[in-house]
Structure formats: C-alpha cells, structure tokens
Amino acid sequence: MDVTITGRRIQVTDDFRAQVARRMEELDSRVDKVIRAEVHAQAEPRGSSEVVRVEITLIGKGPVVRAEAIADDKSQGFDEAFDHLKTRLRKAQDRRRNHRNLRKVGFLEPAVETSTPVEDGEQPIAVKKVAGLEIQGDGPMVVREKIFRSTPLTLAQALDEMELVGHDFFLYVDADSQLPSVVYRRKAYDYGVIHLKVIES
C-alpha cells in the first residue's frame, strides 16, 4: 500500500511519518485491494488557540473509505481518525455478514473532482462560470462539483458504502428500480430512502 502524507500550515515530521506507517500496517488483515492511503493534516484556528484536523482516505478497487478527527496535535488527531477508520471497516464487515449480495471489501478509483473555490488574494472576475452557473462579481458562492463513477447498487450496498465514507447520506442508482436514490441516516439507527422518478415534460 502506498501511503501519501501531506500537511497544510503544519510540519510533517519523521516521527509522524513513522507513526502513520506503523499504524497502517494494522490494516493489512482488515482490507483487501487497497491501492493507496492518503493522510492529510491541517492546522485550523479554534478561538484563541489552534487545532489540527487529520483526514485518512483509503483508495483502491472498491468503495472509498474515509475518516477524520480534530485534536490538539497531529499525532493525537491521526490516532483518533485511525480508530474511526477501523470502526467503519469493522461495521462494514459486520454488515456483510448479515446481508447478501454486498460488495467485497475493496476500493474504487478516486472520484474525478473539479472545484472552483474563491481563493484569498485573487482578483475578482466580472463573470465566471462554475458548474454550469454564471456568477457575476465575486459573490459569496463557493461551488464544488464532484463526478463519481459507480454501478447500480442494492440498498444494502448503498448503506455499506455510506458507512465507509462516514457520511449521513449516500447518492446511488438503485439496482432494482434503476432510479436515482438517496439513503440517509435518521435519528437513532434508522435510515430513510428517497427515490427520484423523472417525469418528462
């Protein structure tokens, strides 16, 4: 597994690299077909002090697995994010034991992502086109457009992938109805599903 470690507004030390490499070895028996892991640490202001957000992403030939944590330092943040990651993987494995026709644990190729955030220091542009929208001036709109490659999924598969990325919702195409669908987390441990039926005008 290739491991990429990056830092923003924070120094990535040799000790931190060794900590990441040591803990990543724990994943060998838990996951299959991982191509690479990305670890990103970023310092963020929090009131009068500063905290560190650490994100871990596993990428390969199946669903992307992601976890993050915020802590006072990068080492603590990484350990907490790594524990979240292992919990997600364990829940996914438990779900597979209880449901049929689920994907084997593996990872998808990374999503193609285009983004057009307004960066500090940039000169305002009179008219700009973002995700098909024309924006005049330097208004407050920040748009991020993502394109994911996927095959139709069953509800159980969609729940599985939602847990692996740690989101409260997951967009997919239902394998049975072929309708665009969203599964989302409700209060407690309940889930809801919305199917979108397109009516031609």
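Helices (H or I, at least four residues) and strands (E, at least two) are taken here as DSSP runs, numbered from the N terminus, and by that convention Tyr-172 belongs to strand E9. This is a predicted model, in which local features need pLDDT of at least 70 and side-chain atom pairs count only at pLDDT 80 or more, while totals for chains, interfaces and linings use all residues. Residues are numbered from 1 along each chain as its sequence is written, and side-chain values use heavy atoms, with hydrogens and water left out.

**Confidence**

- The mean pLDDT (the predictor's confidence in each residue, from 0 to 100) of the protein chain is 78, and 70% of its residues reach 70 or more.
- Confidence is lowest in strand E5 (residues 112-116), where the mean is 42, and highest in helix H1, where it is 94.
- Over residues 100-116 the pLDDT is below 50, although this stretch has 65 contacts in the model beyond near neighbours in sequence, a contact meaning heavy atoms within 4.5 Å.

- Strand E1 (residues 2-8) runs parallel to strand E2 (residues 34-46), and seven bridges join the two, where strands count as paired if DSSP finds at least two bridges between them.
- Within this pairing, Val-3 has Ala-37 of E2 as its bridge partner.
- On E2 there is also an antiparallel pairing with strand E3 (residues 49-60), which extends over 12 bridges, and in which Val-39 stands opposite Ile-56 of E3.
- The hairpin of E2 and E3 has two residues between the strands, and Gly-47 there takes a positive phi near 65 degrees.

- In helix H1 (residues 14-24), the residues Phe-16, Gln-19, Val-20, Arg-23 and Met-24 are buried, which means under 20% relative accessible area, with exposed meaning over 50% and partly exposed in between (1.4 Å probe, protein chains only).
- A search of the whole structure finds two aromatic pairs, where rings of Phe, Tyr and Trp (its six-membered ring) pair if their centres lie within 6.5 Å, and planes under 30 degrees apart count as stacked, over 60 as edge-to-face and the rest as tilted.
- The rings of Phe-16 and Phe-78 have centres 6.0 Å apart and planes at 80 degrees, so this pair is edge-to-face.
- Because Phe-16 lies in helix H1 and Phe-78 in helix H2 (residues 74-98), the pair ties together parts that are 62 residues apart in sequence.
- Phe-16 and Phe-78 are both buried, and together with Phe-82 they form one aromatic cluster.

- Three strands in the order E9-E10-E11 make up an open sheet with antiparallel pairing.
- Strands E9 (169-173) and E11 (191-195) stand at the edges, each with a single partner strand, so one side of each has no neighbour in the sheet.
- Neighbouring strands of this sheet are turned by 20 degrees against each other on average, direction ignored; axes are lines fitted to C-alpha atoms, for helices over the stretch in contact, and angles run from 0 to 180 degrees between N-to-C directions.
- Strand E10 (residues 180-185) pairs with E11 in the antiparallel sense over five bridges, and Ser-181 stands opposite His-195 of E11.
- Helix H3 (residues 155-165) packs on this sheet, touching E9, E10 and E11, and its direction makes about 55 degrees with that of E10.
- Of the 11 residues of H3, 10 are buried, so the helix is largely enclosed by the rest of the structure; Gly-166, which follows H3, has a positive phi near 75 degrees.

- The C-alpha atoms of Tyr-172 and Gln-157, which are 15 residues apart along the chain, are separated by 9.7 Å.
- Met-162, which has its place in helix H3, is buried with a relative accessible area of 0%, and among the residues that Met-162 touches are Phe-169, Tyr-184 and Tyr-191.
- The C-alpha atoms of Met-162 and Arg-88, 74 residues apart along the chain, are separated by 9.8 Å.

Notes
Lists of a residue's contacts leave out its neighbours within four places in sequence.
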